[in-house]
Amino acid sequence: MAPPNATATPFLVSKSVELLTGDTWRDGSKVYRLYGVQSCLRGTIAIAADGKEFDCGNVSLAHLAAFFSTAAVTCQPIAVALDKATFVVCGAKLDGNTIDLGTALIAAGYAFAATDQKGNAVSANYLVAELNAKMQSDGLWAMKFQHPIELLLKRPKEQNQ
């Protein structure tokens, strides 16, 4: 990870961004990714209790889209990823309160705490939010799915994003 850009200023997320995953989006030529957040992988399957199958990544993406469409989301760039995406930490203003977007997505069970290559969570707060969502069977935790971190850690290093 490159060092943070000292001159980076917070920005309001446009309502017209292109969502790429449940944690990454494009605004014009710039790609942004929520720091410490891992969405479910697109193309993997989540199975509801009634047996209905969903694209797990699309479920994550839909919940990020819901925040972007209903709340004013402001992000602070903090670093640049290996793939040149800008890592950001974002706050969503809801009912007069500002909440951390990553915590909200993870606590609702539609995203997960990202890890380093050794499998250690990059944010202890996000890991706590994930464990709480899992214990409560919130969101995707009410379904059967392959945890994205397990899938990503199994990939050969050259395929990691």
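A: Let's start with R33, whose bridge partner in β9 is F87. That contact belongs to the pairing of strand β4 (residues 30-34) with β9, which is parallel and has three bridges. A quick word on terms: two strands count as paired if DSSP finds at least two bridges between them, and strands are DSSP runs of E with at least two residues, numbered from the N terminus.

This is a predicted model, where local features need pLDDT of at least 70, side-chain atom pairs count only at pLDDT 80 or more, and totals for chains, interfaces and linings use all residues. Residues are numbered from 1 along each chain as its sequence is written, and side-chain values use heavy atoms, leaving out hydrogens and water.

Now for the other neighbours of β9. Strand β8 (residues 72-80) runs antiparallel to β9, and eight bridges join them. The β8 and β9 hairpin has five residues between its strands, and K84 takes a positive phi near 80°.

Then there's β10. Strand β9 (residues 86-94) pairs with strand β10 (residues 97-100) in the antiparallel sense, over four bridges. Among the bridge partners, G91 goes with D100 in β10, while A92 goes with I99. This hairpin, of β9 and β10, has two residues between the strands, and D95 has a positive phi near 50°.
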